[in-house]
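Subject: Structure handover, salt bridges

Hello,

The structure is below, with the sequence. My notes on the charged side chains follow it.

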Amino acid sequence: MLRYHGAWRITVIGRNADFDQRAVVRGPHGSRVLAGRVGAALQVDGESWTLSLEHHSWERGWRPNLRTTPGPVTERDGVRSQLLISNDCHWPGKPLDYVNFVLRLDQPLGPAAGSVPGSASGPVPGLGPGRVSSPWHPVRWAI
């Protein structure tokens, strides 16, 4: 589980998994779920909130992903961004560093807090060409 502060846009930019994936945001006033569909996005604004990535196991329901690795926080064109890569579970023969769910978090740095300029996205290691996109269909909510 990762902790964040302030307004961020969460966008699913990659998925290559047999299990359904989702991101769960928890704050002091409840939880919201972002479906693991490439292009799905959620705008979060709260003093402090947590983010966890989960998969739907065929036998055990929703479970935390085995590994979630936050990338470095970068700043470009007035937007702070971070990639999160995740591996849902381990199977024999599957590399431990396998990536099957990828999110990008964006936070505006300038005075225009209500709008987030587009940020660059590119291929994500482990997903291959054609598995990454970045359209934004926001759902806004405050926690």
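I begin with Arg15 and Asp20, whose side chains form a salt bridge with an N to O distance of 3.8 Å. The term is used here for a side-chain nitrogen of Lys or Arg within 4 Å of a carboxyl oxygen of Asp or Glu. Arg15 is partly exposed at 23% relative accessibility, and Asp20 is partly exposed as well, at 45%. Partly exposed lies between buried (under 20% relative accessible area) and exposed (over 50%), computed with a 1.4 Å probe on protein chains only.

Before the rest, the conventions. This is a predicted model, in which local features need pLDDT of at least 70 and side-chain atom pairs count only at pLDDT 80 or more, while totals for chains, interfaces and linings use all residues. Residues are numbered from 1 along each chain as its sequence is written, and side-chain values use heavy atoms, leaving out hydrogens and water.

Over the whole structure, the search gives 7 salt bridges. One of them pairs Asp106 with Arg9, at 3.0 Å between the closest N and O atoms. That pair joins distant parts of the chain, 97 residues apart: Asp106 is in strand 9 (residues 101-108) and Arg9 in strand 1 (residues 2-15). Strands are DSSP runs of E with at least two residues, numbered from the N terminus.

Asp106 also forms a salt bridge with Arg104, the closest N and O atoms being 2.9 Å apart. Asp106 is buried at 0% relative accessibility, Arg9 is buried at 3%, and Arg104 is buried at 4%.

Regards

Note on methods: Helix = DSSP H or I, 4+ residues; strand = E, 2+ residues; numbered from the N terminus.
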